[in-house]
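Have a look at it first, then read on.

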Amino acid sequence: MLTQPVLSRIYSRPNWAEVSLSALRHNFRQLQQHVGDDVIVCSVVKCDAYGHGYAECARVLEKEGGRWFGVTSTDEGVAMRDAGIAGRVLIMVGAWRGEEEDVLQYSLTPALSRVDELEAFSRAARRLRFSNPVPVHLKIDTGMARLGLPLAQLGDFAEALKRAPELELEGVFSHLASSEVLDDAGTQLQISRFQEALQTLAAHGLHPPLRHLANSSAAIARPDTWHNFVRPGLAIYGYELPPVKHDGSDAETAPMLNLRPVLQWKTRVISLRDVVAGQALGYGGTYVTSSPARIAVIAAGYGDGYSRKHSYPKNGGSASTSNGSARQQRSSVLIRGQRAFIVGRVAMDMTLVDVSHIAGCEIGDEVALIGESGSQRITAWDVARWSETLPYEVLCNLSERVLRKYVE
């Protein structure tokens with residue numbers, strides 16, 4: 001019989017992410033030094049700081065000198081305030097209707113892209129009787145056709161703003177679709193359209209002091225987009241999209257910063273068994289051993305964010321330990337400084353790996369899904385390549401049940 005309520009106990013799954021605060025500080029300093037002191041670095045901490053944990057990351061970045069943070073939505077901004085973050089918080093996607101008073105009461109900065117949003121915030125500021133104009137940022141669509149005010153409506157927006165003394169246009173920005181493609185004609189057109197928008201605003205007597213276009217790739221490789229404000233996200237956490245040319249070749253002259261991956265994802269071996277040749281493994285029996293093998297079960301699966309696309313073979317049919325595709329294309333983990341390849345289908349909570357070649361492997365051994373073991377290393381880029389995606393998705397998909405541990 002239980003002597004205390006189960007929910008009052010603290011349990012720890014053998015599956016965690018180590019977040020290096022020293023690497024986070026290093027990356028912020030690298031970016032700030034790269035763009036110079038006259039350019040504000042707005043650290044993007046949306047989606048739980050790309051899976052790294054927004055509260056602790058934002059606190060560390062604020063202590064390091066970060067003055068601005070970028071989030072997706074009002075709830076993310078309110079959570080930042082609840083976590084004690086005092087710096088400026090830009091809601092980059094804007095607020096949903098009805099959230100205007102919360103945005104203003106929590107001193108969040110909304111992105112506006114429609115006249116009706118402008119009017120809603122103006123009314124909210126009047127209701128709350130703010131004594132000073134509320135700073136807002138205008139998002140302009142320069143070519144992505146996603147969010148932002150179309151250029152053709154810019155004059156109407158400017159006139160509406162003049163009728164709303166409760167608001168102050170502090171910033172204007174847009175977002176680049178292909179900033180890592182350094183000779184991309186579409187990006188150059190977006191840059192030109194942004195300049196056109198600034199000129200239109202100036203013609204209406206509006207001179208917003210903050211102007212921003214640059215995401216991580218642009219902040220690293222496109223000084224013509226910096227203006228006085230950049231919005232790095234992925235780079236803060238130690239990764240960047242390699243600068244390329246339109247034909248896909250490397251842009252060899254592009255600068256590369258000395259960024260450090262902030263996160264390592266670890267788990268443990270929770271079971272080991274020796275199997276005979278011809279043994280089908282896991283769901284569907286898609287992997288069949290061609291010789292006796294030692295198979296480890298590790299405590300990570302797609303419920304933790306380890307994609308089912310890491311399954312081997314990928315498309316169903318059976319495979320053996322000797323006839324697989326090129327090993328560099330197969331998903332693997334690191335155990336005792338050696339690479340162990342995934343076998344069978346990734347399940348919700350568990351994944352099977354072949355450890356036949358790893359002497360002494362035992363239950364409790366540490367497993368690196370992202371990170372280092374001995375001289376071996378797996379990055380979020382590797383995991384992304386194996387699962388046919390980008391590091392953004394790999395990091396953001398880390399589920400809440402993966403414990404974050406903050407280390408120096």
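## Surface and overall build

This is a predicted model. The protein exposes about 18,600 Å², and 49% of that comes from carbon and sulfur atoms. Taken along the principal axes, its C-alpha atoms fill a box of roughly 80 × 65 × 35 Å.

As for secondary structure, you'll find eleven helices and 20 strands. The protein has 408 residues, and 52% of them are buried. If you take the contacts with a separation of 6 or more, 70% are between residues 24 or more positions apart.

## The nonpolar cores

The largest nonpolar core takes in 108 residues, and the ones touching the most other members are Leu 138, Val 333, Ile 335, Val 353 and Val 355. Helix α1, residues 21-35, gives the most to this core, with six residues. There's also a second, separate core of nine residues, Leu 281, Tyr 287, Ile 295 and Leu 352 among them.

Val 333 is worth a click. Leaving out residues up to four places away in sequence, Val 333 touches a list of residues including Ile 298, Tyr 306, Arg 339, Val 353, Leu 369 and Ile 378.

## The largest pocket

Which residues are the closest to the centre of the largest pocket? The pocket itself has a volume of about 500 Å³. Of the 26 residues lining it, Lys 46, Tyr 50, Arg 146, His 175 and Asn 215 are the closest to its centre. By type, the lining splits into 14 nonpolar, seven polar and five charged residues.

Note on methods:
Residues numbered from 1 in each chain as written. Predicted model: local features only at pLDDT ≥ 70, side-chain atom pairs only at ≥ 80, totals over all residues. Heavy atoms only, no water. 1 Å grid on protein atoms, 1.4 Å probe; cavity = no way out; pocket = protein on both sides within 12 Å on 5 of 7 lines; lining within 4 Å. Points joined across faces, edges and corners; volume = space filled by probe spheres on them. Nonpolar A, V, L, I, M, F, W, Y, C, P; charged D, E, K, R; others polar. Core = buried A, V, L, I, M, F, W, Y, C linked by side-chain atoms within 4.5 Å. Buried < 20%, exposed > 50% of the residue type's maximum accessible area, 1.4 Å probe, protein only. Helix = DSSP H or I, 4+ residues; strand = E, 2+ residues; numbered from the N terminus. Contact = heavy atoms within 4.5 Å. Areas by Shrake-Rupley, 256 points an atom, 1.4 Å probe, with all protein chains shown as cover.
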